[in-house]
Amino acid sequence: MSTTMKLQETQTGTWNRVKNAVARRTEGRAVILLILVVGVIAVQQPIVFNAYGVSLARVALVGLVALGLTLVVLQGELDLSVGSTLALTGVVVASIPDLGLGIIAGLVTGVAIGALNAFLIVLIGVNSFIATLGTLFALRGLAFVMSDGRPVRITDIDSALVFGRELLGPITPRVLIFILLFVMLQFFISKMRAGREFYAVGGNRQAAIDAGIPVKLRLFTSFMLCGFVAALAGVINTLELTAADPTAGSTVLLASFAAVIIGGNLLNGGRGSLVGTLIGAFALGLMQVGLTFAGADREVQDVLIGIVLLVAITTDPNNLRALSRRLQGLIRGKANQQA
Amino acid sequence: MRNSRTVLVSVFAVAGLALSGCASGGTDDAGAASADGYNVYALLPQGNDQPYGTNYLKAMNAAAAEMGVNLTITNAEYDAAKQANECSVAIASKPDGIILWPAAVDTIRPCLEAAKAAGIPVNASNSDVLPEDKDLVGTYTGPSNEEVGRGAAKLIGDVLGDAGGSIIIIQGLSGNSTAIDREAGFRDELEASYPNVEVIGQQPGDWAKDVALTVTSELFTSLGEENIDAIYAVDDTMAAGAIEAMENRGIDPTTIPVVGTGNTELGQPNVLSGKQYATLFQSPVWDGENAVKYIVEAIEGNTLEANYFMPIPEVTKENAADYPAEW
Amino acid sequence: MTESGTQLKAAPVNGTPVEGIVKRQASVITWVASRGIFIFTGVLLVFSVIFVNGFASSVNIIDVFHRASAIGIVAIGMTFVVISANYIDLSVVAQVATAGVILLALSPTYGVLGAMAIALFFALLYGVVNGVSVGFLKANAVVVTLGTTGIGAGILSLLTTGTIYYGPENGPIDAFGDARVGPFPLSAFVLILVAVIASIVLSRTKFGFMIRSYGSNKQATRLAGVNSGGVVVGAFVLTSIAAMIAGFVLAAYSNTAVATMSEGFDFRALAAVIIGGNSLFGGRGSILRTFLGVIFISVLSNILVLSGFSFAWQQLVTGAVIVFAVALDALARKAEKR
């Protein structure tokens with residue numbers, strides 16, 4: 001058996017540089033899924049592309065929440081309360097007769113919830129999974145108490161209806177807000193130091209502390225942003241539906257969580273991107289809309305999303321690499337024994 | 001490394017294609033009106049996940065097959081935002097007509113307006129729209145959950161007589177519109193016609209027999225067995241739970257009248273044996289059939305009445321055998 | 001924060017005094033947190049007996065046990081997953097419903113034991129799929145079980161089309177559900193039996209020891225030569241078996257089964273595990289704690305209903321209790337570190 005080591009020559013040249021850059025990215029699986037979904041839809045249900053406004057609308061709501069969730073996940077934390085935040089914010093908005101005031105109150109509620117989560121997690125030291133689980137229950141209960149268990153209608157329905165109408169072609173305000181927010185958050189996470197430090201906090205928290213990064217502040221920021229974004233989704237949802245449903249948000253939580261995972265964001269933090277989440281949200285949204293156009297049963301949709309999630313999470317390139325190395329080691333070991 | 005990933009991706013690709021093929025194979029997609037029948041979208045908040053929905057769908061599909069209608073069915077699981085999205089899908093598919101069973105009546109106006117703008121006739125099924133939105137739908141076919149609640153109130157009020165009494169309500173799933181509407185109709189009718197009947201306690205039974213069993217027993221413990229004169233369970237499954245709770249405590253269910261709803265497979269035997277005082281027969285078959293029948297009328301431009309109400313006969317021991325347990 | 005410590009001389013070893021061992025005086029928070037669940041459950045029980053009308057009646061005790069049984073069995077199984085530092089098994093929702101539906105739908109054809117055997121097969125299938133994905137493929141447990149529950153619940157719903165299955169009146173399943181031993185329902189004994197067996201497995205067997213050490217320190221356990229993948233599979237399989245038993249118990253209680261019968265079981269069971277004081281970070285905990293957590297939550301729900309609180313308030317209170325319990329645990333761990 002050869003025991004000499006060969007130095008790997010670093011490849012130069014533009015093509016190789018591109019290859020290396022691509023290999024480092026985490027969005028690979030999301031891109032593959034998107035291509036697959038687009039391909040299948042192009043063949044089976046091309047109407048989805050004609051009516052692209054429908055898909056955009058679906059993606060916008062789930063994607064919005066997913067973007068906020070990504071910020072938290074990048075730092076290695078979780079926020080399960082986004083669905084309840086959406087519902088509670090909606091109830092707040094609908095309960096206030098003045099629509100403008102109601103919207104502001106709703107957004108403030110979201111930020112406050114984010115601060116509450118951060119307080120529990122950062123200052124008291126509760127595990128983020130369980131802390132946001134608790135707030136999930138408590139906030140939903142609060143939404144029920146405030147709404148008496150039934151949908152709350154907006155007083156100024158006509159203004160609300162305007163919000164749902166199309167602006168440019170089939171683009172509604174919802175989609176515009178989503179695009180705007182993506183651009184702003186992407187700028188924050190990639191160009192501003194505070195945003196870039198999110199990756200450091202998630203990658204190795206102790207090292208980040210030692211490097212002088214204000215970790216607590218960064219954590220607070222991410223949770224408050226996540227709460228704000230979830231509240232924004234709640235405001236949009238309530239305006240478009242002209243009423244606030246206290247039971248809203250549970251499906252959005254699952255879908256946005258799935259988008260974050262499929263987008264290649266590591267739950268331990270430190271790796272991932274908003275772009276990945278965006279692609280993941282698109283892939284999932286298109287898949288759901290395509291299945292709806294095809295008249296597929298809701299159960300079939302659930303099963304498919306479950307499969308996608310399972311495949312996505314078990315095929316993390318790092319894990320597969322480790323697994324294959326172990327298998328190779330095993331085989332090589334057996335070969336040695338026989339030699 | 002790249003090899004195993006490629007293999008995995010190809011496996012997934014094949015699986016995905018196969019599954020999508022299966023999913024869309026069974027139904028026709030609602031494109032332009034084809035020569036062999038109308039294309040209709042049914043926007044529903046439940047389906048094969050509930051016994052009522054299962055039978056509603058069966059009747060609906062049978063009627064559609066008979067009339068040559070191509071149905072595309074959705075199930076929003078009582079999520080208003082999901083139904084709004086499905087409504088957009090429906091309108092984009094340009095069907096000849098839409099049957100809408102609202103997940104939450106307060107939220108469907110945008111959908112109705114969009115359909116009107118697209119020139120697609122919409123009928124409401126099972127749960128009627130709000131009065132201010134009535135002009136946006138062609139007609140309403142169904143039981144009116146509020147009527148059902150009122151019917152139950154009449155049954156309770158009549159059996160308790162002029163003396164009245166104290167009752168408890170085993171509610172449906174919290175936040176569910178059927179549950180909300182039935183209870184609202186029930187309470188309104190009590191207030192209007194039976195002032196001597198007082199509701200002294202209520203807890204959600206979540207449409208489940210085991211939950212209803214537990215909370216009924218706890219209500220009895222908390223309020224005192226002697227203080228409860230009658231029970232209104234918002235569906236027959238929960239009524240069965242309430243009855244079993246009483247039996248477990250050694251109370252003869254015929255001494256405390258229980259009124260349910262539905263005349264279901266679980267409820268009918270209880271009514272026949274007298275354990276359950278009465279129920280209201282709500283037929284998912286009537287519901288599904290007439291939804292299709294009247295959307296065809298709407299598509300063909302015939303004049304429609306504002307409402308086509310499902311008859312909701314009261315069912316007691318005497319006449320229970322006349323009504324089939326449909327769900 | 002300096003701890004109020006006192007320097008004590010440790011007991012002499014072989015006659016030579018050992019110096020310099022500082023014994024930390026436990027702060028109040030640490031003490032309360034570690035014994036918290038025992039205290040809180042005790043206080044709650046006493047409070048309920050005195051102040052809540054009708055709580056102590058035999059009928060109500062039975063209702064409390066009915067509330068506790070199915071969820072309790074699931075929670076006890078889930079404890080293994082939590083202690084192995086894998087957070088939660090979300091697929092218990094689908095598993096409980098699958099077992100219950102299989103029992104009631106298939107026992108007319110295959111008999112009760114035959115149906116149970118089929119249910120066991122599916123329970124093992126869930127456990128192995130979950131365990132292999134998390135243990136060998138190193139995937140995150142929350143996402144894996146989210147996937148398996150979506151797939152499992154979807155398939156179950158497709159196959160049953162919402163039918164409510166019910167067993168024959170006074171059949172063997174119904175009889176089990178109604179049976180009593182003294183004033184206690186039989187399901188309570190199943191709960192206690194499961195708790196005892198689980199406790200023995202966790203604390204007295206080598207496997208239990210491996211789960212606890214894996215949860216405490218994954219690296220060290222693996223380096224010590226333990227097949228960590230196998231340990232995780234074992235934890236998930238135990239959870240699945242517990243979920244299956246819970247499904248049987250729940251189905252027997254009302255003699256009905258439907259695909260949606262176990263909604264919310266995942267988080268409610270986890271809440272019981274956490275309120276009991278088991279650490280979500282893994283490694284520490286016991287079945288007894290879970291059991292007390294279950295009792296606490298069941299009594300709490302029971303007295304909220306007895307006192308006339310609406311569903312909304314019940315949710316609010318449950319959430320607040322969870323937050324309070326874990327906040328206390330977190331503060332205590334912080335105090336210990338100093």
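In this predicted model, chain C and chain A bury about 3,400 Å² between them, and carbon and sulfur atoms account for 81% of that area. On the side of chain C that touches chain A, the elements giving two or more residues are α4 (141-160), α10 (265-275) and α12 (311-337) of chain C. Of these, α12(C) gives the most, with 14 residues. By class, this side of chain C has 28 nonpolar, nine polar and two charged residues. The contact joins 39 residues of chain C to 39 residues of chain A. Zero salt bridges are counted between chain C and chain A, and two residue pairs are in polar contact, both at pLDDT 80 or more.

Chain B also meets chain A. The area buried between chain B and chain A is about 3,900 Å², with 67% of it given by carbon and sulfur atoms. Here 45 residues of chain B are in contact with 46 residues of chain A. Three salt bridges are found across the interface of chain B and chain A. R153(A) forms a salt bridge with D106(B); the closest N and O atoms of R153(A) and D106(B) are 3.7 Å apart. Four residue pairs are in polar contact across the interface of chain B and chain A, both at pLDDT 80 or more. At least two residues of the side of chain B that touches chain A come from each of α1 (2-25), β2 (70-75), α3 (80-92) and α4 (109-118) of chain B. The largest share, eleven residues, comes from α1(B). By class, this side of chain B divides into 20 nonpolar, 14 polar and eleven charged residues.

The domain assignment of chain B gives domain 1 (36-142 + 284-310) and domain 2 (145-281). The centres of these two domains of chain B, taken over C-alpha atoms, are separated by 30 Å. Five residues from domain 1 of chain B and four residues from domain 2 of chain B make the contact. Between them, domain 1 and domain 2 of chain B bury about 430 Å², 34% of it on carbon and sulfur atoms. In domain 1 of chain B, the residues that lose the most area to domain 2 are Y78(B), N126(B) and S127(B); together they make up 53% of what that side buries. The side of domain 1 of chain B that touches domain 2 has three nonpolar, two polar and no charged residues.

| Parts | Area buried | Share on carbon and sulfur atoms |
|---|---|---|
| Chain C and chain A | about 3,400 Å² | 81% |
| Chain B and chain A | about 3,900 Å² | 67% |
| Domain 1 and domain 2 of chain B | about 430 Å² | 34% |

A search of the whole structure finds 13 aromatic pairs over all chains. One of them is formed by F188(A) and F198(A). This pair is edge-to-face, with 5.5 Å centre to centre and 80° between the planes. F188(A) lies in helix α9 (residues 173-191) of chain A and F198(A) in helix α10 (residues 193-203) of chain A, ten residues apart.

Conventions
Residues numbered from 1 in each chain as written. Chains lettered and ligands numbered in written order. Predicted model: local features only at pLDDT ≥ 70, side-chain atom pairs only at ≥ 80, totals over all residues. Heavy atoms only, no water. Contact = heavy atoms within 4.5 Å. Buried area = accessible area lost by both parts, 1.4 Å probe. Salt bridge = Lys/Arg side-chain N within 4 Å of Asp/Glu carboxyl O. Polar contact = N/O pair within 3.5 Å; in protein donor to acceptor, adjacent residues only side chain to side chain. Helix = DSSP H or I, 4+ residues; strand = E, 2+ residues; numbered from the N terminus. Nonpolar A, V, L, I, M, F, W, Y, C, P; charged D, E, K, R; others polar. Domains from an automatic or database assignment. Phe/Tyr/Trp six-rings, centres within 6.5 Å; stacked < 30°, edge-to-face > 60°.
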